[in-house]
Amino acid sequence: MGQSELCLIAKAFAFLLLVPGILGWGKEGHYLICKIAEGYFTEDTLSMVKELLPASAEGDLAAVCSWPDEIRWKAHYRWSSALHYVDTPDFFCNYNYSRDCHDTHEHKGRCVTAAIYNYTRQLESAYKEMTSEIRYNLTEALMFLSHFIGDVHQPLHVGFVGDLGGNSITVRWYRRKTNLHHVWDNMIIESALKTFYHSNLTLMIQAIQTNISGEWYNDVSAWRNCALNHTACPNPYASESISLACKYAYKNATPGSTLEDSYFLSRLPIVEKRLAQSGIRLASTLNRIFASEVKVAEI
Ligand SMILES: [Zn+2]
């Protein structure tokens, strides 16, 4: 290996270290969301998901829910990188599909909500017309859809364009230097695991499941609801996210600030509810796709 190659690898590695937070909910978050979702699959969804999963998943959707983060920087998949988020203009605490859904080159429809519509359509059309030629890689469609429904619920995946959804806001999480986006992707969940769940993800999943059938029980049918009988409805999820980003994520988290107990303990309930909502809504969306007589929302 030549010196220039080594230098390139070092630069790539340094870049990855600089941008740890642009991946979406961390591995734990995506695993948790898909585990929650699995508990609400209909028989039809369960068998279709099993049929579509790659062998490496060993029949478990949660095992591949972080796959889109693992491949997004590979040359072959770099196109997918802009599909993990949508940004609003700076200090706009609302989301508007036609204004906001584009990539940094202003290509319309290249954002997380459009990706959810797109992969829903691919799966739905293939499921309804089993006899027609399958034009898409449905295994990838399922893995992208399951991941992006998680991402659109992370408040800072619908953040301001100027700070890259909190990626350029350097903060300390207790003593560790990081950025605000990474706090919401990973650190709140990691600290919760250590502080409340003996570093055991299964215990955290069980606690969220208990809340779904207890404290949040009366809200769950509203979470499931997709207006006008549409199959997928990511737009309201994005609106909720930017509203939560303004109310909780950006609040008291200016560049250089240190975030400790008061931030952690007041934001953790928000994170846990967003994880629960993602899981319920992923299951409902897949259940609608694999039983589908209805249409995807017009965009
Ligand atoms: Zn992501």
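Which residues of H8 are buried? I looked this up in a predicted model, where local features need pLDDT of at least 70, side-chain atom pairs count only at pLDDT 80 or more, and totals for chains, interfaces and linings use all residues. Residues are numbered from 1 along each chain as its sequence is written.

**Entry 1: H8**

I took a residue as buried if 20 or more other C-beta atoms lie within 10 Å of its own, as exposed if 12 or fewer do, and as partly exposed in between, with C-beta atoms placed from the backbone. Helices (H or I, at least four residues) and strands (E, at least two) are DSSP runs, numbered from the N terminus. In H8 I found Leu180, His181, His182, Val183, Trp184, Asp185, Asn186, Met187, Ile188 and Ile189 buried. These buried residues pack against H2, strands S1 (170-173), S2 (176-179) and S3 (258-259), and helices H11 (234-249) and H12 (261-289).

H8 spans residues 180-196 and bends by about 45 degrees at Asn186. The bend is the angle between axes fitted to the seven residues ending at a residue and the seven starting there. Asn186 is also one of the buried residues. After H8 I noted His198, with a positive phi near 50 degrees.

**Entry 2: H2 and H9**

I then checked H2 (residues 27-38) against H9 (residues 201-212): the two pack at an angle of about 50 degrees, with axes 10 Å apart. H2 is therefore oblique to H9, since angles under 35 degrees count as roughly parallel, over 145 as roughly antiparallel, 65 to 115 as roughly perpendicular and the rest as oblique. Axes are lines fitted to C-alpha atoms, for helices over the stretch in contact, and angles run from 0 to 180 degrees between N-to-C directions.

From H2 the contact takes Glu28, Tyr31, Leu32, Lys35 and Ile36, and from H9 Leu201, Met204, Ile205, Ile208 and Gln209. Two residues are in contact if their C-beta atoms, placed from the backbone, lie within 7 Å.

**Entry 3: Thr45**

I located Thr45 in helix H3 (residues 43-52). Why is Thr45 classed as buried? Thr45 is buried because 22 other C-beta atoms lie within 10 Å. Apart from neighbours within four places in sequence, Thr45 is in contact with Leu286, Asn287 and Phe290. Thr45 and Phe290 are 245 residues apart in sequence, yet 5.7 Å apart in space, C-alpha to C-alpha.

**Entry 4: whole protein**

I recorded twelve helices and three strands. Of the 299 residues, 42% are buried. Among contacts between residues at least 6 apart in sequence, 76% join residues at least 24 apart.
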